[in-house]
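Subject: Structure handover

Hi,

Here is the structure I promised to pass on to you. Please have it open while you read, and my notes on what was found follow below.

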Amino acid sequence: MDRRTGLTVHRLAAPLLILLGLIMMAVGVWRGEAAVVLQKAVNICLECIGIG
Amino acid sequence: MASKKARGGRLRLWVQAASAALSNGYLVGFARGNIFKGRSKAVCLPGLNCYSCPGAIGACPIGSLQAVLGHRSYQFAFYVLGFLTVVGALGGRFVCGWLCPFGLIQDLLFKIPFFKKLRKLPGDRFLKYLKYVMLVVLVFLLPLYAVDFLGQGSPWFCKYVCPAGTLEGGLPLVAANSGLQAAVGWLFAWKNAILIAIIVLSLLVYRPFCRYLCPLGGIYGLFNPISLYRIRLDPAACTQCGACQKACKLDIDIFRHPGSPDCIRCGACTRACPHGAITMGITSPCKDGQNSRHCKKGDRLA
C-alpha cells in the first residue's frame, strides 16, 4: 500500500466505523437487546453494588 | 491572567463536573435510596457510570455489555458494541478525559497533596495490559460461558471488581436502604476493599483505575489512532524535546506515539509543546503526511 492510499484508508476509517456502529446499534435494537439493557438498568443490580 | 495551561485544565474540570451532574441528575434517588426507572435507561452513557447509582439516568456500557452477553438469548451484543464503536470512532478515549464521572473522582483525588506522587506504578509496562485481561475474561468470556442452569451469566467485572459500582451505587444505596443493609456480606467487604485500594492509589499515582483496570478505557483506547478527534503530531515542527511527556500525567511519550491507546485526550501535551507541533482536533492531515496547523490550506487532503 503506497503512502497516499494509506492516508486515505486512515482518513476513512473513523467515518466507516461510525457507520458500522450505527448499523450494529440498529440491529441490536431490532433483536431486542435495548430492552434487555433497560430491564437490567431499571432494577437495582445487586451484583454491581456488592450484595451478590 | 490565568495561564493557558491552567485555563485548559479548568475547562476540562468544568466539563467533567457538568457531565457527572447530567449523567446523575435524578437527585431524589439519593434521598429515597432507590434508582431512576425511566426509559432513558435503555440508552448507554459514554463513561463508566453505574446504572445502580441512585442518580443515574442512563445505563453503564460495561454493565450493559455483560447483561446482554450474559442473557440466555444472545451470544453477541450488537447494540452496546455498536454504541462503543460510534463513541470510540468519534473521540477514542476523549470520554475518559472529559466525560467519565469515575475519571473525575480520580482526578480530584490526585489533586490532594500526598507524601509522594509517582509518575507510574512499578511494573507499569505489564500492568497496563491488565485492563485487556479484564475486558476479555471478565466482561466477555465469563458472562458468556460461565452460565447457570437457566443459561444466564453474571456480570463478573461489575460483581467482583468495579469500584465505580461500589462508590456510586453500593454505598449510597446501602446507606439509605435498610433492606440492603441487612443483606451486606463478604462481597460488599471485598468490593469496598478494592474501592479503598483505588482511592489510596489515586492519591499516589494519576488515574490508576483508568490506566490498569478499566475495560471501557481499554475499548476506547483501541480507537485512539484512528478516531475523528485525535492528537496529531507535526514531525517537521517536533524537536523531540520531551516537554509533552513531562506535561503528561500518564507519562506517555506523545512525540513518539501520538495515537497511544493510553492517552485520555486531556490536552496537557498540546498546551505544553513549545513548538506547536501537537494539535488535537478533527483537522485533516496534510498531503505530505504531516498533520498540523503548519500545513497550508491547499496542502490538506480534505
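Three helices of chain B, namely α7 (124–127), α8 (130–145) and α13 (208–212), each supply at least two residues of the lining of the largest pocket. Please keep in mind throughout that this is a predicted model. The largest share of that lining comes from α13(B), with three residues.

How big is the largest pocket by volume? Its volume is about 390 Å³. The lining has 21 residues, and those closest to the centre of the pocket are D124(B), K128(B), I252(B), S260(B) and D262(B). Sorted by class, the lining of the largest pocket holds ten charged, eight nonpolar and three polar residues.

Now to the second largest pocket, which contains about 300 Å³ of space. Here 15 residues form the lining, and G9(B), R12(B), K111(B), K249(B) and R271(B) are the closest to the centre. Which helices of chain B each supply at least two residues of this lining? They are α1 (4–23), α6 (101–111) and α16 (268–272). Of the elements involved, α1(B) gives the most, with six residues.

On the side of chain A, 37 residues are in contact with chain B, and on the side of chain B the number is 56. About 3,900 Å² of area is buried between chain A and chain B, with 75% of it given by carbon and sulfur atoms. V37(A), C48(A) and I49(A) supply 15% of the area that chain A buries against chain B, which is more than any other three residues.

How many salt bridges are counted between chain A and chain B? The count is zero. Polar contacts do turn up, though: ten residue pairs across the interface are in polar contact, with both residues at pLDDT 80 or more.

The elements of chain A that give two or more residues to the side touching chain B are α1 (3–31), α2 (33–41) and α3 (46–49). The largest share of that side comes from α1(A), with 18 residues. By class, the side of chain A that touches chain B has 23 nonpolar residues, along with seven polar and seven charged ones.

Best wishes

Definitions and conventions
Residues numbered from 1 in each chain as written. Chains lettered and ligands numbered in written order. Predicted model: local features only at pLDDT ≥ 70, side-chain atom pairs only at ≥ 80, totals over all residues. Heavy atoms only, no water. 1 Å grid on protein atoms, 1.4 Å probe; cavity = no way out; pocket = protein on both sides within 12 Å on 5 of 7 lines; lining within 4 Å. Points joined across faces, edges and corners; volume = space filled by probe spheres on them. Helix = DSSP H or I, 4+ residues; strand = E, 2+ residues; numbered from the N terminus. Nonpolar A, V, L, I, M, F, W, Y, C, P; charged D, E, K, R; others polar. Contact = heavy atoms within 4.5 Å. Buried area = accessible area lost by both parts, 1.4 Å probe. Salt bridge = Lys/Arg side-chain N within 4 Å of Asp/Glu carboxyl O. Polar contact = N/O pair within 3.5 Å; in protein donor to acceptor, adjacent residues only side chain to side chain.
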